[in-house]
Structure formats: C-alpha cells, structure tokens
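Please look over the structure below before reading on. The briefing that follows is grouped by topic.

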Amino acid sequence: MGSSTDRTDYCVLCQTQQEETLEHLFYTCSFSYTCWTSVGLTWATEGDGFDWMAAAKQTWTKPMFMEVFTTAAWSIWKERNNLIFRGVTPSHRSWLSRFREDFLLQHRTKPELLGFITEFAREIA
C-alpha cells in the first residue's frame, strides 16, 4: 500500500493536497475562486453546494445566472482535464479565454439578451 503522498485524488488546480470533491473543485478551490470572482459570483460559507448556489442566485442582479454558472463551471472542468490529460498548465487567462468563447456561443438566446452576453463577456477580467 502506498503512502498518503501517493494519492491521486488531490485537486490538481490548487495543488494544496485538498481532496478533489465536487464542492472543493467548483466552490472552495483557490483556482476556482479566482474564476468565480471574475464573473461576479461568490459562495456562502455555510451549507453545501446546493445552498451556496441558491444563495448566489438570490443575490445575482444580472440575467442568465445559470448560463454564467454552467459556462464557468464547464470551463473550470476543462482546465482541470487539460492538465490531467494533456499536461497543459491551468491558468486564469486560459480559463477566461475559454469562458468568453463558450459564453458567446449562446445561439438560442432571446434577442434582448444578446447585448448583455456581449457586454458581460467583454467586461469580465
């Protein structure tokens, strides 16, 4: 049996030897935190992922909360997988580029939301 340092279930994005659970990867990981902050989302500190998401949705003042959330989470997941499967070092810059590209692909959007999509993608840092 290997030592605890042989574990492979640690978060590869923050490299803090935190177990890579869904809650860690998408809510409490320092890499993810930077990504969420970029799109204006912060998470509560009590409860679980569902509680955190419900609280964030209540305080979200813009349209398209779920679209922003799913695109950001998908982009975090792709950063993780690029490291694991391709050896590509994750960065906020590559995450942001991927987020913008994917967010702008909202093909089935109501015409009145197209301005928001373009402006939001341009404003995030």
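Predicted model: local features only at pLDDT ≥ 70, side-chain atom pairs only at ≥ 80, totals over all residues.

Which exposed residues does the face of helix 5 turned away from its buried side carry? That face carries Arg-93 and Glu-101.

**Helix 5**

- Trp-95, Leu-96, Arg-98, Phe-99, Asp-102 and Phe-103 are the buried residues of helix 5.
- Viewed down the axis of helix 5, these buried residues fall within an arc of 165°, so they line one face of the helix.
- As background, an α-helix has 3.6 residues a turn, so residues three or four places apart point the same way.
- The cover over the buried residues of helix 5 includes helix 2, helix 4 and helix 6 (114-123).
- The end C-alpha atoms of helix 5 lie 16 Å apart, which agrees with the 16 Å that its twelve residues should span at 1.5 Å a residue.

**Phe-103**

- Phe-103 belongs to helix 5, which runs over residues 92-103.
- Phe-103 has a relative accessible area of 0%, so it counts as buried, the cut-off being under 20%.
- Leaving aside residues up to four places away in sequence, Phe-103 touches Met-64, Glu-67, Val-68, Thr-71, Phe-116, Ile-117, Phe-120 and Ala-121.
- Between Phe-103 and Val-12 there are 24 Å in space, C-alpha to C-alpha, and the two are 91 residues apart in sequence.

**Helix 2**

- Helix 2 covers residues 30-38, and Phe-31, Ser-32, Cys-35, Trp-36 and Ser-38 are buried in it.
- Down the axis of helix 2, the buried residues fall within an arc of 155°, so they line one face of that helix.
- Helix 1, helix 4 and helix 5 are what the buried residues of helix 2 pack against.

- Most residues other than glycine have a negative phi.
- Met-64 is not a glycine, yet has a positive phi of about 65°.
- Met-64 sits in the loop between helix 3 (49-59) and helix 4 (65-86), and its relative accessibility of 10% makes it buried.
- Met-64 is also one of the residues that Phe-103 touches.
- Gln-17, likewise a residue other than glycine, has a positive phi near 60°.
- Gln-17 lies in the segment before helix 1 (22-28).
- With a relative accessibility of 53%, Gln-17 counts as exposed, since the cut-off for exposed is over 50%.

Technical notes
Residues numbered from 1 in each chain as written. Heavy atoms only, no water. Helix = DSSP H or I, 4+ residues; strand = E, 2+ residues; numbered from the N terminus. Buried < 20%, exposed > 50% of the residue type's maximum accessible area, 1.4 Å probe, protein only. Contact = heavy atoms within 4.5 Å. Arc of directions from axis to C-beta. Expected span 1.5 Å × (residues − 1).
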